[in-house]
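User: I would like to learn how to read a protein model, feature by feature. Please give the general idea each time, then the case at hand.

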Amino acid sequence: MNIPEEVKEIIQTLNINGHEAYIVGGCVRDKILSKAPKDWDITTSALPEQIKSCFSHTVDTGIEHGTVTVIINKNNFEVTTYRIDGDYGDNRHPDSVKFTSDITEDLSRRDFTMNAIAYDITNDTYIDPFNGHCDIKNKIIRAVGDADTRFNEDALRMMRAIRFSAQLGFDIEEKTYLAIKKNFLLIKNISIERIRDEFLKLILSDVPEKAVLLCDTSLIDHFLPELKEVFLAESELIKYSFDKLEKSIALRIAFLFRKFDDKAVSLILKRMRFDNNTIKEAATAVKFYDYPLKEGYYETRKVLSMIGVKSFKAVLNIRFLENAFNKDLIECKKLDNIYDEIDDIIKRNDCFELKDLCINGEDIKKNIDGANGRVIGEYLKKALDIVMKDPTKNEKNILIEELKR
Ligand code: ATP
Ligand code: MG
């Protein structure tokens, strides 16, 4: 694994100043799995003020919890003091945190054994008091300590367990899983944004069909009961399709909701605080999922004029995968042809939007007697239809002549 120079520099600087420092958490897990880590977390015996005094550029990211961001070469690295979490009054965050000089105490507050390993980059040794290595080797997600207690402390960990199982393709150890089944109701104490983010990581993962675990544990009842039947009934289809579907949130959400009413989908996504663009993109694909598509450039331009390239391609993708799964090759061929037509239309720059017409409202007012107000809009729509039928007619004189008729 290539540890970035900046990480080495941070650890060496802390060491020179008399502090212990390790990389820890997801990056160590990923290193053992030979995966490229997303970010590098550093844990240290140095207190926050001591961390700050070792580096010229720092930001107090979460200083009350011991986290200081160290900036080197414009890259950010989170450095956190070893800490012990106090009681969790709200099943969400600790009422207080206490700093400690014992790395094992810090590792024991972490969620799963695979995430509770520290790595000493200087001596190439691991500190692994909970046998995380063994669980990683056996592809097992196991709570650190008593699972029941750990999920009571922080109920988000239940979502994290299932999300990691989808990202890594690991199984959840039995006691840990039973503790989720027992404590699922505690998820009500977690904000919908945090739950949604875990859910999104799950559906963007390599094993999204693990969503059935959200159903089996009843966690989904709290935040997305509408999809429970979908995940249970369509597990195989989801596995097949998501393997080939682009990792786009809107596209995957649209796939899962494709048989729903688009207005209902918008409301559900609003409730889950999705951003407006994602809601619009997903709802449009859902709305046109069962639109009676026909081959032919005119038909294709008409749909393009209604929903644009991105949404049209999304609809085609969703329908193609579903039909391929059901082995309806005739339907697949048709969808494929329409897809090619879209690409041709783009390549040829065919007009399918009012803004690309060679005439505007002014032209119509000037050249057609009595055309004003709302009628102008009707004329423009008519002109667009003429051009969508025959793109060579996108010329001012031709269109005026046709409209006069
Ligand atoms: P990812 O690859 O998704 O970033 P990660 O393991 O790095 O996975 P983070 O959320 O970045 O996850 O957290 C970093 C580390 O902090 C974890 O590996 C774990 O040790 C600890 N951690 C994070 N969230 C919790 C939690 N809710 N409870 C206990 N420990 C946690
Ligand atoms: Mg991380």
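Predicted model: local features only at pLDDT ≥ 70, side-chain atom pairs only at ≥ 80, totals over all residues.

User: What helices and strands does the protein have, and how many?

Analyst: Start with a count of the elements. The protein has 21 helices and eleven strands. Next, set its radius of gyration against what the globule rule gives. The radius is 28 Å, well over the 22 Å that the rule gives for 405 residues, so the protein is more spread out than a compact globule. The C-alpha trace spans about 90 × 50 × 40 Å along the principal axes.

User: What share of the residues is buried?

Analyst: A residue is called buried when its relative accessible area is under 20%. Buried residues make up 50% of the 405 in this protein. The protein exposes about 20,000 Å², and carbon and sulfur atoms supply 48% of that area.

User: How far apart are the mean positions of the positive and negative charges?

Analyst: The protein has 62 positive and 70 negative charges, and their mean positions are 5 Å apart.

User: Now a single helix. Which residues of helix 21 are buried, and where do they lie around the axis?

Analyst: List the buried residues, then look down the axis. In helix 21, residues 396–404, the buried ones are L399, I400 and L403. They fall within an arc of 100° seen down the axis, so they line one face of the helix. The next step is to find their packing partners. The buried residues of helix 21 pack against helix 19 (361–367) and helix 20 (374–389).

User: Which residues of helix 15 are buried, and which are exposed?

Analyst: Helix 15 covers residues 262–271, with D262, V265, S266, I268 and L269 buried. Their arc is 165° seen down the axis, so these buried residues line one face of the helix. K263 and L267 are exposed on the other side of helix 15. The buried residues pack against helix 14 and helix 16 (276–287).

User: What covers the buried residues of helix 13?

Analyst: First, the residues themselves: in helix 13 (residues 235–242), S235, L237, I238, S241 and F242 are buried. They cover an arc of only 160° around the axis, which puts them on the same side of helix 13. Their cover includes helix 9 (192–203), helix 10 (212–216), helix 12 (228–233), helix 14 (249–256) and helix 17 (297–325).

User: Helix 17 has come up as part of that cover. Where is E299 found, and how accessible is it?

Analyst: E299 is found in helix 17. Its relative accessibility is 24%, so E299 counts as partly exposed. E299 and N115 are 184 residues apart in sequence, and their C-alpha atoms are 53 Å apart.

User: What is Y126 in contact with beyond its neighbours in sequence?

Analyst: Y126 sits in strand 9, residues 125–127, and at 32% relative accessibility Y126 counts as partly exposed. Leaving aside neighbours within four places in sequence, Y126 is in contact with V28, K31, I32, I117, A118, Y119 and H133. I23 is 103 residues from Y126 along the chain, and their C-alpha atoms are separated by 9.8 Å.

Definitions and conventions:
Residues numbered from 1 in each chain as written. Chains lettered and ligands numbered in written order. Heavy atoms only, no water. Helix = DSSP H or I, 4+ residues; strand = E, 2+ residues; numbered from the N terminus. Rg over C-alpha atoms; globule rule 2.2 N^0.38 Å. Buried < 20%, exposed > 50% of the residue type's maximum accessible area, 1.4 Å probe, protein only. Areas by Shrake-Rupley, 256 points an atom, 1.4 Å probe, with all protein chains shown as cover. Lys, Arg positive; Asp, Glu negative; His and termini not counted. Charge placed at Lys NZ, Arg CZ, Asp CG, Glu CD. Arc of directions from axis to C-beta. Contact = heavy atoms within 4.5 Å.
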